[in-house]
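Subject: Structure handover

Hi,

Here is the structure for your files. My notes on what turned up follow below it.

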Amino acid sequence: MNKSIFSTRFKKCYQDKGWTQDRVAMELNVSVDTIKKYLRSGAKLPPLDTTKKIAKIFNVDVAYLLGEQDCKKHQEQTICDVTSLDTDASEILVNLNELLVSVLNDLLKHPRIETLLFYILKYVNSHNKEITITNPINPKDKETIYSGRKHREILKFSTTDVFGQIIDDIYEEKRPSAEKAMLYHIQKELLLEIQKDKKSFNIQKEEK
């Protein structure tokens, strides 16, 4: 168990909420000197009940504070393990609605997603004078990136072009066939006619 991890993560927790050490001390019902002691790297860990209280206040797991897991909450741990994303990014995924998750899944399953990610990686590093980028998914795939507005614009165009192709592919797969579209149109027209007939029948019934 790394005591410096606790102090680092404890500090990050209250800073992310915009709290001061005074506020943390008040919430934990301890002195500010005690908080400073907890924050010293390598210092003695707080009692377990205090650690649990810290975890509850900042909505994190005790295991996160103690360095036993890298995500703040256990339910996010799998996302971190699988994607290698940091906690902030995994929290975004956890809170996505079902439709966005479905879209993200479609993107990640597309065969050209690796190409897209590599283009993005090259583009965000194109401000460097000269750097060799290695594809993290395929280490044999390397490319030297040169600075310059023209080169960045080419990378930007290539990135957006690949992304557009992926979106088009997904749309084509999910777009209903002409036959299904026609059937839907006929069903809709039929429902409208039924509604009109029902409304007309009710009016006639009221008149009688």
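Is D16 buried, partly exposed or exposed? D16 is partly exposed, because its relative accessible area is 47%. The cut-offs: buried is under 20% relative accessible area, exposed is over 50%, and partly exposed is in between, with a 1.4 Å probe and protein chains only.

Some ground rules. This is a predicted model, where local features need pLDDT of at least 70, side-chain atom pairs count only at pLDDT 80 or more, and totals for chains, interfaces and linings use all residues. Residues are numbered from 1 along each chain as its sequence is written, and side-chain values use heavy atoms, with hydrogens and water left out.

Overall picture

The protein has 11 helices and two strands. These are DSSP runs numbered from the N terminus (helices: H or I, at least four residues; strands: E, at least two). Along the sequence the order is α-α-α-α-α-α-α-α-α-β-β-α-α. Of the 208 residues, 26% are buried. Contact means heavy atoms within 4.5 Å. Among contacts with a separation of 6 or more, 44% join residues 24 or more positions apart. The protein exposes about 15,100 Å², and carbon and sulfur atoms supply 54% of that (Shrake-Rupley method, 1.4 Å probe; for residues, only the protein chains shown count as cover).

Salt bridges

The rule: a side-chain nitrogen of Lys or Arg within 4 Å of a carboxyl oxygen of Asp or Glu. The count comes to three.

- K12 pairs with D16, the closest N and O atoms being 2.8 Å apart. The two are four residues apart in helix α1, so about one helical turn separates them. K12 is partly exposed at 33% relative accessibility.
- D16 also meets K72, at 3.6 Å from N to O. D16 lies in helix α1 and K72 in the loop between α5 and α6 (77-83), so this pair ties together parts that are 56 residues apart in sequence. K72 is buried, at 12%.
- R23 pairs with E27 at 2.9 Å between the closest N and O atoms. Both sit in helix α2, four residues apart, so about one helical turn separates them. R23 is partly exposed at 33%, and E27 is partly exposed at 28%. Shared partners join K12, D16 and K72 into one network.

K72 also turns up beside D61. D61 sits in the loop between α4 (48-57) and α5 (62-65). D61 counts as buried, because its relative accessibility is 18%. Leaving aside neighbours within four places in sequence, D61 is in contact with A55, Q69, K72, K73 and H74.

Cores

A nonpolar core is a set of buried Ala, Val, Leu, Ile, Met, Phe, Trp, Tyr and Cys residues joined through side-chain atoms within 4.5 Å. The largest has 18 residues, of which F10, V24, I35, F58 and L65 touch the most other members. Elements giving two or more residues are α1 (3-16), α2 (21-28), α3 (32-39), α4 and α5. Helix α1 gives the most, with four residues. Apart from this core lies another, of six residues, including I113, L116, V162 and I170.

In α3, the buried residues are T34, I35, Y38 and L39. They lie on the same side of α3, because they cover an arc of only 140 degrees around the axis (directions from the helix axis to the C-beta atoms). By contrast, D33 in α3 is exposed at 57%.

Best wishes
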